[in-house]
Structure formats: C-alpha cells, structure tokens
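Here is a short report on one protein model.

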Amino acid sequence: MIKNRIYFYGYLLILGLLCLSLFFQPTVFFYGNGELIACAPASIGQEGQRFSLRFIHSVQKTPVREDLMVEGDGFRLLRTEYQSFGVGLPFLESEGDFRQEGGAYVLEHMDRRFPELSLRTGVGTQLTLYLNGKEYKLYEMFPPGTQIDIRVEPVYRKWTEYAGRMDL
C-alpha cells in the first residue's frame, strides 16, 4: 500500500516537472498589430527554428528573400537574396559570402544578430512569412502600415494565446 503511494506520487512529480518544463519552453512568436499570427518552438533538435521573409523592395521594386534562424533569445540573419542593388541591401564581401546566382545576388554566412524583429506591411511590398512549410501573406492579412513583431519568449508569457496555434 505504501509502495503504491510512493509510485503514484513519484509519477505525479515527474508529470508535473515535464509540464513545467514545457511551460518555460522558448518559443518564437509572430504578431501582427499585437495579434498572434503564428508560433513555433524556438529550436528543433540542436538547431534554431528557421523561417523566411519575402517582400518587394520599396525602392528597387524587386523581390527580396531573407532567411533567418532563432539563436538564443534572438535571431541571426543567415542569407539574403535579391535581384538588384539598392538602399539597405547588403553587398560588401566583408559582410559574408557574396555571389551572383543566375539572375540574383546572394549573400550568405552573415553574422547579423537581432534581439527581436519589427517590420511593417507596406503598399506593394507583399510582405510574406514562410514558417514550417506554411505561407502567411501578411500583406493580405493586415492593412499597410501594420507593425509585425517577431520575438522569442517562454510559452508561459503567452499561454492563453498559445493553445492551438502552434505550427509544428
């Protein structure tokens, strides 16, 4: 009888610790105007969660793709691909490995880190998020000028918004 109680309380303790560890799981959250768009685990195995942002450059009017990865409690820009040089687009070889690939310029192995990301939808920019095989056309979901925030936070801070919205 006492042995059964010890096993019961032991299993209960283990289950509680597992639930608690999930509650503190770092997660990447994507918000549009403060509204939760999507979320995903901050890491997958040993690597951070990867995602892409695509948009039309506001000056050059050509497509740009940026590949990012969660690193610690922030982000690292891994790769930028674009079709023409313009304001705000990287081009120096000292910033990474620069090459021309077909009709695009590619800069990889960049060491740009960001604690969080804040973007805005714009007229004609077609800001789009790609996460775990899903496409989120932010320019269709929100009016121009809407702030898009991307942050890494523990789940417990967003528990009520989190349930049922995780993209695995």
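## An enclosed strand

This is a predicted model. Start with β7. Eight of its nine residues are buried, so β7 is largely enclosed by the rest of the structure. Buried here means under 20% relative accessible area.

## Partners of β7

β7 pairs with β6. The two strands run antiparallel and are joined by eight bridges.

## The nonpolar core

The largest nonpolar core holds 24 residues. Within it, Phe 30, Phe 51 and Phe 75 touch the most other members. Eight strands are listed as giving two or more residues to this core: β1, β2, β5, β6, β7, β9, β11 and β13. In soluble globular proteins, nonpolar side chains tend to be buried together.

## Glu 108 and two arginines

Glu 108 lies in strand β9. Its side chain makes polar contacts with two arginine side chains: Arg 79 at 3.2 Å and Arg 99 at 2.7 Å.

What else does Glu 108 touch, beyond residues up to four places away in sequence? The contacts are Leu 78, Gly 96 and Asp 97, along with Arg 79 and Arg 99.

How values were computed. Residues are numbered from 1 along each chain as its sequence is written. This is a predicted model: local features need pLDDT of at least 70, side-chain atom pairs count only at pLDDT 80 or more; totals for chains, interfaces and linings use all residues. Side-chain values use heavy atoms; hydrogens and water are left out. A nonpolar core is a set of buried Ala, Val, Leu, Ile, Met, Phe, Trp, Tyr and Cys residues joined through side-chain atoms within 4.5 Å. Buried means under 20% relative accessible area, exposed over 50%, partly exposed in between (1.4 Å probe, protein chains only). Helices (H or I, at least four residues) and strands (E, at least two) are DSSP runs, numbered from the N terminus. A polar contact is a pair of N or O atoms within 3.5 Å; within protein, one must be able to donate a hydrogen and the other to accept it, and residues adjacent in sequence count only if both atoms are side-chain atoms. Contact means heavy atoms within 4.5 Å. Two strands pair if DSSP finds at least two bridges between them.
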